[in-house]
Amino acid sequence: MKSAKPKILHEISGRSMLGHAIAAARGLEPSKLVAVVRHERERVVEHLLQILPDAIIADQDEIPGTGRAVQLGLEKLDESLEGTVVVTYGDVPLLTTELLSELVEVHDSEGNAVTVLTALLDDATGYGRILRAADGTVTGIREHKDASDEERAIREVNSGIYAFDAEILRTALNEVTTENAQGEMYLTDVLGIARANGGRVAAVVTEDRWQVEGANDRVQLAALGKEMNRRTLEAWMRAGVSIIDPATTWIDVEVALSNDVTIKPGTQLHGTTAIGTDAVIGPDTTLTDTSVGRGATIVRSDVTGSIISEGATVGPFAYVRPKTNLGPDAKIGAFYETKNVVVGRGSKLSHLGYAGDAEIGEFTNIGCGNITANYDGVNKHRTVIGSHVRTASNTVFVAPVTIGDGAYTGAGAIVRKNVPAGALALSVAPQHNAEGWTLAKRPGSPAAEAAFKSALDSGVATESADSAK
């Protein structure tokens with residue numbers, strides 16, 4: 001990956017590759033789940049335990065190979081363990097619980113010693129080839145570097161994902177050596193040993209190669225991400241969601257959508273975002289960990305960690321930061337930024353302003369260019385604005401400050417003190433006009449010429465204008 005981050009911690013569709021692998025495995029409801037780790041152990045284990053706190057951790061030692069990894073994993077379990085052991089990997093993010101369940105079902109129903117998941121590839125370079133007997137059972141797996149030219153022509157490949165009988169697996173691993181081209185302890189050798197001991201070895205072939213595809217570089221990771229997103233979008237469209245342009249829409253796997261949601265082009269839905277029926281999202285909108293109520297509309301905006309209630313509207317070009325709670329039928333309009341603010345039912349923050357660390361009541365109208373000045377350079381302070389308040393353009397609320405219900409502010413007001421309910425807050429100095437200033441101070445300028453012409457046209461040219469000319 002050419003990255004400081006371990007490969008399996010790279011993300012697609014809002015989840016690490018390891019997270020996808022764990023999700024597929026957990027769907028089997030296993031009695032125990034063991035993760036065998038080595039590279040960047042501490043980082044991988046920390047992430048793993050965030051996903052699955054009760055995972056059992058096993059550390060791979062200096063003996064290389066997947067056979068050794070599985071052997072070390074088994075050592076973490078009770079020696080009396082019986083039943084089916086499933087082995088899978090941390091870098092196959094499109095693998096599903098459904099396919100793993102099919103593997104286990106076939107394994108158990110046929111009484112197999114080993115059942116391997118396989119796929120048919122046009123180009124099988126680098127993969128272990130499946131060797132079969134005349135009756136269709138699997139006789140073994142030949143790793144690419146150890147395969148003959150005839151064996152390399154085989155298109156059926158080993159995915160590396162297996163179901164084993166626990167007792168047979170444990171016994172066979174004790175016979176596996178590192179005598180091969182790679183000098184590794186191959187897990188694939190277990191198949192031949194199990195068969196030699198009279199066990200049945202079979203395969204489940206998947207036609208969906210994507211489910212067994214891994215990622216070894218960022219090109220492959222992007223391809224897997226694109227395919228996962230395609231599948232996610234298709235599933236939502238079949239569930240009743242309108243996605244206008246799938247080519248420009250990205251939806252993470254943990255996002256929840258209701259039927260009759262409309263997603264317009266250029267939209268990205270991340271994290272645990274949940275969207276209610278009849279909501280319209282986009283175009284050109286990004287939502288992260290956000291709840292959107294029924295019938296809400298969000299246009300060309302970025303919203304994170306917030307609640308947008310039923311019938312509310314956001315945008316265009318709004319920046320809604322975490323802990324914004326926009327009430328029913330309320331509005332955050334064009335070029336508005338909010339953070340840690342509660343906006344009551346029907347209230348409007350229409351355009352060109354900032355509301356942070358604030359509480360706004362119901363049916364209040366916040367005028368253009370209003371700002372809650374919440375930071376004094378050391379601490380954040382809160383602004384509380386009541387219901388049915390009307391604030392004029394360019395009002396600044398210097399927190400902490402409280403505005404009572406039904407109050408008004410005048411244009412350009414700087415509100416430093418609490419405003420009682422029903423009061424009008426003004427902080428306007430008397431206006432003074434310096435007559436003839438432009439002609440006197442900016443002679444010869446286009447503005448002076450325009451002022452002089454206007455004065456002549458009106459017949460009220462002043463003495464200052466005449467002298468300036």
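1. Lys2 is found in the segment that comes before strand 1 (11–12), and in this predicted model its phi is near 50°, a positive value in a residue other than glycine. Lys2 is exposed, since its relative accessible area of 85% is over the 50% cut-off.

2. A second residue other than glycine with a positive phi is Asp260, where the angle is near 65°. Asp260 has its place in the loop between strand 13 (256–257) and strand 14 (262–263), and at 44% relative accessibility it counts as partly exposed.

3. Two cis peptide bonds deserve a look while the backbone is under review. One of them joins Gly282 and Pro283, with omega at about 5°, and Pro283 lies in the loop that runs between strand 17 (280–281) and strand 18 (286–288). Another joins Gly315 and Pro316, again with omega at about 5°, and here Pro316 is found in the loop between strand 23 (313–314) and strand 24 (319–320).

4. Where does UniProt place the feature "active site"? The unreviewed entry puts this feature at His351, a residue found in strand 27, which covers residues 348–360. As the annotation may be inferred rather than shown by experiment, the assignment of His351 is reported here as coming from that record.

5. Is His351 buried, partly exposed or exposed? With a relative accessible area of 34%, His351 is partly exposed, because that class lies between the 20% and 50% cut-offs. When its neighbours within four places in sequence are left aside, the residues in contact with His351 are Ala334, Tyr336, Gly367, Cys368 and Gly369.

6. Asn374 lies in the loop between strand 29 (371–373) and strand 30 (383–385). At 7% relative accessibility Asn374 counts as buried, because the value is under the 20% cut-off.

7. Which side chain makes a polar contact with the side chain of Asn374? The partner is the side chain of Asp357, at 2.6 Å.

How values were computed: Residues are numbered from 1 along each chain as its sequence is written. This is a predicted model: local features need pLDDT of at least 70, side-chain atom pairs count only at pLDDT 80 or more; totals for chains, interfaces and linings use all residues. Side-chain values use heavy atoms; hydrogens and water are left out. Helices (H or I, at least four residues) and strands (E, at least two) are DSSP runs, numbered from the N terminus. Buried means under 20% relative accessible area, exposed over 50%, partly exposed in between (1.4 Å probe, protein chains only). Contact means heavy atoms within 4.5 Å. A polar contact is a pair of N or O atoms within 3.5 Å; within protein, one must be able to donate a hydrogen and the other to accept it, and residues adjacent in sequence count only if both atoms are side-chain atoms.
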